Amino acid sequence: MIPRRRPLVLMYHGVGDRGARSDPFHLFVAQDRLRRQLTTLLDHGWTPLPLDAYLSGDTPPRSVLLTFDDGYRAIVDEGLPLLHELGVPATVFVLTGLIGDRSRWMLSMPDEPLVSAEDIREMVRAGLDVECHGWDHSTLVAADERTLQHNVTEAARALAALTGRRPRAFAYPYGEHDEKARRAVAEAGFEVAFSTHTAAGPYAVPRVDVNSTDTDATFRLKTVRGYRMLRRGAGQVPGLRPALHSVLGRAPRS
Ligand SMILES: [Zn+2]
């Protein structure tokens, strides 16, 4: 069931301090910055949700689902201790075909380590929800039946074997989806699927991207309800993010 009040869904990737050269897509948020962001949410009365509570549809106002895509190993080293310390639940989307491997799908950032089977079990033991991001980060847009089967149904089955429970949430690689992909995810038994920008019911719930270019000001702005509406309205305008940063500044990178 999709929540009636539509909690804020934040999309992170890695946790850690990376220079612009090793992280050209700004995917890694440094631990101290993540700490400030989570503390800001808690101080302002936000309730971080476990996936179960999100899916129940019965969520308090100012609810937030924290999601981390790709399953970088750094989430265990640097994310897990912080989440544990602050008592904040989170959902991590991993690639079942790249367990213990590296971020090989990104030509300009191919060597970032990904979680192992033991890392996944550790995250589950720590109370995180480990969910499905596909098999090997192949796009599901215009995918043939075999690709969909592999990246959705088989990926879910392999993940269930690792975690001991069937995954309930899917995050599309690159945030991209089409009608066939959404149907494949629904038919595989997932209850929700997350995109990045485009919305299409419970099988394409958009998320707000948080990355290393965010300052305290841009992060706070991204939690404001109006931001999501503005972003939806300006979905076709590629200049929105640069424009926001030109007004509010951009976090310095080493
Ligand atoms: Zn991804």
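**A guided look at the core, a loop residue and a helix pair**

Visitor: In this predicted model, which residues of the largest nonpolar core touch the most other members?
Guide: The model is predicted, and its largest nonpolar core has 64 residues. Those that touch the most other members are Leu10, Ile75, Val92, Phe170, Val185 and Ala193.

Visitor: What does leucine 10 touch, residues up to four places away in sequence not being counted?
Guide: Leucine 10 belongs to the core residues that touch the most other members. With residues up to four places away in sequence left out, its partners are Val64, Leu66, Thr67, Arg207, Val208 and Val210.

Visitor: Is glutamate 176 buried, exposed or partly exposed?
Guide: Glutamate 176 sits in the loop between β8 (169–171) and α6 (179–187), and beyond its neighbours within four places in sequence it is in contact with Thr139, Leu140 and Val141. A residue counts as buried at 20 or more other C-beta atoms within 10 Å and as exposed at 12 or fewer. Because glutamate 176 has 16 such atoms within 10 Å, it is partly exposed.

Visitor: How are helices α1 and α3 oriented to each other?
Guide: The axes of α1 (residues 31–43) and α3 (residues 74–86) come within 11 Å and cross at roughly 25°. Since angles under 35 degrees count as roughly parallel, the two helices are therefore roughly parallel.

Visitor: Which classes of residue make up the contact of α1 with α3?
Guide: Gln31, Leu34, Arg35, Leu38 and Leu42 of α1 meet Glu78, Leu82 and Leu86 of α3. By class, this contact has five nonpolar, one polar and two charged residues.

Conventions: Residues numbered from 1 in each chain as written. Predicted model: local features only at pLDDT ≥ 70, side-chain atom pairs only at ≥ 80, totals over all residues. Core = buried A, V, L, I, M, F, W, Y, C linked by C-beta atoms within 7 Å. Contact = placed C-beta atoms within 7 Å. Helix = DSSP H or I, 4+ residues; strand = E, 2+ residues; numbered from the N terminus. Axes fitted to C-alpha atoms, helices over the stretch in contact; angles between N-to-C directions. Parallel < 35°, antiparallel > 145°, perpendicular 65-115°, else oblique. Nonpolar A, V, L, I, M, F, W, Y, C, P; charged D, E, K, R; others polar.
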